[in-house]
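I opened the notebook for a friendly walk through this fold. Here is what I looked up, entry by entry.

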Amino acid sequence: MTLKLTNFDALAGQLVVSAQAYPGEPMRDPRTMAQVAASAVTGGAAAIRVQGIADIQFTRAAVEVPVIGLWKDGHDGVFITPTLRHALACASAGAHIVAIDGTRRPRPDGLSLEETIAGVHSNSNSLVMADCGSFEDAVAAAEAGADLIGTTLAGYTDDRPKTDGPDLELIAQIAAANLGAPLIAEGRIHSPAQARAAMDAGAFAVVVGTAITHPSSITGWFKAALDA
Ligand SMILES: CC(=O)N[C@H](C=O)[C@@H](O)[C@H](O)[C@H](O)COP(=O)(O)O
């Protein structure tokens, strides 16, 4: 069983890199994602976030830093590690931290967020990151026992507009509320300056995905600038 993380000291003020390739994409291969993850660690990533059971397993073998694992099932509604079964599979695959949907929406298995988090805690050594979409989600997730709160779903549920960059207003609001669980800023952090701004807004750590690990998106940004 994966060794339990006893504290988050190593993540304070640090960069977490998310390495994900989407269905049908050329880089959708667990070995590739593990190599991308290892490259991010070489560059200074303090933890890695990966999607899918095989990606978690390969990445655990490739890096020494904590691994945040999730399992996306579908692409709308509650799809980020939607049930306790998905969460325990991520834990068994070696995720030190399992990222799950942390919104207040009904979950496909009928369990509450609190029951899901308790189920992970009592059946594995993994901690839980609740991927939230609003301030109210964050408050509820902290009350439900989440170990980490993420702004991952801000702009992807009905609660918040999809800001161009990170939702700094939400990050500042959650940080100011001192909910008792470290706040991870995640979602649309596309530049070093935006990562800095998320930290300055009160985040404990930041997750950057697309801007570091998704070449087709990055290429598209450059191409759009040239085409404009
Ligand atoms: C909403 C959703 O499905 N977010 C996912 C969560 O794991 C990923 O697709 C994102 O890449 C990740 O959150 C990092 O964000 P960004 O790629 O914007 O830096």
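Before the strands, I noted the terms: two strands pair if DSSP finds at least two bridges between them, and strands (E, at least two residues) and helices (H or I, at least four) are DSSP runs, numbered from the N terminus.

I checked the provenance: this is a predicted model, where local features need pLDDT of at least 70, side-chain atom pairs count only at pLDDT 80 or more, and totals for chains, interfaces and linings use all residues. Residues are numbered from 1 along each chain as its sequence is written.

Which residue is the bridge partner of valine 17 in S2? I found isoleucine 48 there.

I then followed the whole sheet: eight strands close into a barrel, in the order S1-S2-S3-S4-S5-S6-S7-S8, with parallel pairing.

Last, I read the confidence scores. The chain averages a pLDDT of 98 (the predictor's confidence in each residue, from 0 to 100), and 100% of the residues score at least 70. The model has ipTM 0.99 and pTM 0.98.
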